[in-house]
Amino acid sequence: MLTHEQIWHAIDRLATSFGYSPSGLAKQSGLDATSFNKSKRHGPDGKPRWPSTESISRILAATGATMSDFVSLVDDLNEPVQSNELTIPLINFTQAGENGYFDKEGCPQGHHWNETPYPELNKKNDNGIYALEINDNSMKPIYRKGDILIISPKSKRRAGDRIIVKTKNSDIMIKELIKQTATQIEICTFKSDHENTKIQTQDIAWMGRIIWVSQ
């Protein structure tokens, strides 16, 4: 009997053999780019989600592979998936302010994240790294709609760093760090006509440092 793990492993191997990531294969096949993300392979309740027969039909058409090719990949579960592309969790900035997306340390949690490639990632040194997509132009000219910010919740923060801050009253903001002490942080906006803001450490839920931007 075919297992959930075998089917998804076969899709991963098919994608890799034709030079795609799972998300790239989905997009090439006319599907939503997140259709094959690992976060979508189980429901919120933890139950397995299976790819549809239509999805499999589309990826075969997109690659030119046959059903026999796909079945051969299903049968060989022990063959590792080789890929140079690493992915990290991705949501848009508006979602980041909602409950359920982060744990108490500001690291991604839950099954509702998308994924984005990030080949520079060293996962051994930076667990919890994630990406935010800017969905409006309110932070121009620094960040524009469509920019992808890579956030590290565990990197050491220094004066001059650009950071994301979530307060315990659910405010979320992207600012520049001016000063940090044991009791408070001082931050500023990217607009020169705004005064600096001070936030008490006890009022901060979590912070992360912006380490890379795709524009």
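In this predicted model, helix α3 is followed by Gly-64, a residue whose phi is positive, near 85 degrees. Most residues other than glycine have a negative phi, and most peptide bonds are trans. Confidence across the protein averages a pLDDT of 84, with 89% of the residues scoring at least 70.

**Helix α3**

- Helix α3 spans residues 53-63, and its buried residues are Ser-55, Ile-56, Ile-59, Leu-60 and Thr-63.
- Seen down the axis of α3, these buried residues fall within an arc of 135 degrees, and they therefore line one face of the helix.
- The face of α3 that is turned away from this buried side carries Thr-53 and Ala-61, both of which are exposed.

**The sheet**

- An open sheet is formed by nine strands, which follow one another in the order β2-β1-β3-β4-β9-β5-β6-β7-β8 with mixed pairing.
- At the edges of this sheet stand β2 (114-117) and β8 (197-200), each of which pairs on one side only.
- Neighbouring strands of the sheet are turned against each other by 45 degrees on average, when direction is ignored.
- Within the sheet, β5 (residues 162-167) pairs with β9 (residues 204-214) in the antiparallel sense over five bridges, and Val-165 stands opposite Met-207 in β9.

**Nonpolar cores**

- The largest nonpolar core has 18 residues, of which Phe-102, Tyr-130, Leu-132, Ile-164 and Ile-174 touch the most other members.
- Two or more residues are given to this core by each of the elements α5 (93-96), β3 (130-133), β4 (148-152), β6 (172-180) and β9.
- Apart from this core lies another, made up of 17 residues, among them Trp-8, Ala-15, Ala-65 and Val-74.
- Not counting residues up to four places away in sequence, the contacts of Tyr-130 include Phe-102, Trp-113, Leu-149, Ile-151, Ile-164 and Trp-206, as well as Pro-89, Pro-108 and Pro-153.

**A cis peptide bond**

- The peptide bond that runs from Lys-140 to Pro-141 is cis, with omega near 5 degrees, and Pro-141 lies in the loop between β3 and β4.

**Confidence by element**

- Among the elements of the protein, the lowest mean pLDDT, 78, belongs to β2, whereas the highest, 95, belongs to strand β7 (residues 184-188).
- Where pLDDT is low, the predicted coordinates should not be read in detail.

Notes
Residues numbered from 1 in each chain as written. Predicted model: local features only at pLDDT ≥ 70, side-chain atom pairs only at ≥ 80, totals over all residues. Heavy atoms only, no water. Pairing = 2+ DSSP bridges. Helix = DSSP H or I, 4+ residues; strand = E, 2+ residues; numbered from the N terminus. Axes fitted to C-alpha atoms, helices over the stretch in contact; angles between N-to-C directions. pLDDT = per-residue confidence, 0-100. Core = buried A, V, L, I, M, F, W, Y, C linked by side-chain atoms within 4.5 Å. Buried < 20%, exposed > 50% of the residue type's maximum accessible area, 1.4 Å probe, protein only. Contact = heavy atoms within 4.5 Å. Arc of directions from axis to C-beta.
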